[in-house]
Amino acid sequence: MPVTSTRRIHIAQQFIRFGFGEHVDENAPFYSNQFLTQELTTTEVQAVLTIVQRYNAFYGVTVAGAVGRFRGRVRGWKFGRADAPMLVVTLPYWTHQIEEIPQGAPVGKPISDEDNQALVAELRQLFMTELDANRFEPLDDTGHVFAAHWG
């Protein structure tokens, strides 16, 4: 479970600048079409999302503001590029797996399938309707890892 770190924010912002080089600086000599950060907290991902001002229907500041409503409800986020912007959200199985809970915290309670499905529906609504993502889909069969794509 990630815990916010100002040092990680600075490094992650540089990583995003490199990866989205030509969309951050039109004279950038470097970029990557395929990359993904490690798991970040909501605070950290909000700081990196704003680096990419616009890419297709993706507006970094708008997406950063919108994901704030999930602070303390997710395990973490990964941001990067699968040709176009991709934002991955990982959902917890247990309450002690929620972001910002430090390692060694007491074991929490399992999160019910119904609560998990309600959170997925809320995320899907946000990304597909409010943020104009092209798709929102599971990345594996667990029902706990999903990606929003803008391209």
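Visitor: What makes strand β4 largely enclosed?
Guide: Happy to explain, and please keep in mind that this is a predicted model. Strand β4 spans residues 76–82, and five of its seven residues are buried, so the rest of the structure largely encloses β4. Buried here means under 20% relative accessible area.

Visitor: Which strands does β4 pair with, and how do you know that they count as paired?
Guide: Two strands pair if at least two bridges are found between them. Three bridges join β1 (residues 34–36) to β4, and seven join β4 to β5, so both meet that cut-off of at least two. The two strands run antiparallel in β1 and β4, and likewise in β4 and β5.

Visitor: What lies between β4 and β5 in their hairpin?
Guide: One residue lies between the strands, and Asp83 in this hairpin takes a positive phi near 75 degrees.

Visitor: Why is β7 called mostly covered?
Guide: Five of the five residues in β7 (residues 145–149) are buried. In a regular strand the side chains alternate between the two faces of the sheet. In β7, one side carries Val145, Ala147 and His149, the other carries Phe146 and Ala148, and all are buried, so both faces are covered.

Visitor: Which neighbours does β7 have in the sheet?
Guide: β5 is joined to β7 by five bridges, running antiparallel. Phe146 is the bridge partner of Val89, and Thr90 stands opposite Val145. Strand β6 (residues 135–138) is joined to β7 by four bridges, also antiparallel, with Arg135 opposite His149. β6 and β7 form a hairpin with six residues between them, and Gly143 in the turn has a positive phi of about 80 degrees.

Visitor: What is the order of the strands in the sheet, and what makes a strand an edge strand?
Guide: The sheet is open and has five strands in the order β1-β4-β5-β7-β6, with antiparallel pairing. The edge strands are β1 and β6, as each pairs on one side only. From one strand to the next, the twist averages 20 degrees.

Visitor: How many aromatic pairs are there in the whole structure?
Guide: The search finds 11 aromatic pairs.

Visitor: Why is the pair of Phe58 and Trp150 called edge-to-face?
Guide: The ring centres of Phe58 and Trp150 are 5.0 Å apart and the planes stand at 75 degrees. Pairing needs centres within 6.5 Å, and planes over 60 degrees apart count as edge-to-face, so Phe58 and Trp150 form an edge-to-face pair. Phe58 is in strand β3 (residues 58–59) and Trp150 in the segment after β7, so the pair ties together parts that are 92 residues apart in sequence. Both Phe58 and Trp150 are buried.

Visitor: What makes the pair of Phe127 and Phe136 stacked?
Guide: Their rings lie 5.6 Å centre to centre, with 15 degrees between the planes. Planes under 30 degrees apart count as stacked.

Visitor: How do you know that Phe127 and Phe136 are buried?
Guide: Phe127 has a relative accessible area of 1% and Phe136 has 7%. The limit for buried is under 20%, so Phe127 qualifies and so does Phe136. Phe127 and Phe136 also belong to one aromatic cluster, whose members include Phe15, Phe35, Phe58, Phe146 and Trp150.

Visitor: What makes the phi of Asn56 worth a look?
Guide: Most residues other than glycine have a negative phi. Asn56 has a positive phi near 55 degrees, and Asn56 lies in the loop between β2 (54–55) and β3. Glu100, in the loop between β5 and α5, has a positive phi of about 70 degrees, although Glu100 is not a glycine.

Terms used. Residues are numbered from 1 along each chain as its sequence is written. Side-chain values use heavy atoms; hydrogens and water are left out. Buried means under 20% relative accessible area, exposed over 50%, partly exposed in between (1.4 Å probe, protein chains only). Rings of Phe, Tyr and Trp (its six-membered ring) pair if their centres lie within 6.5 Å; planes under 30 degrees apart count as stacked, over 60 as edge-to-face and the rest as tilted. Axes are lines fitted to C-alpha atoms, for helices over the stretch in contact, and angles run from 0 to 180 degrees between N-to-C directions.
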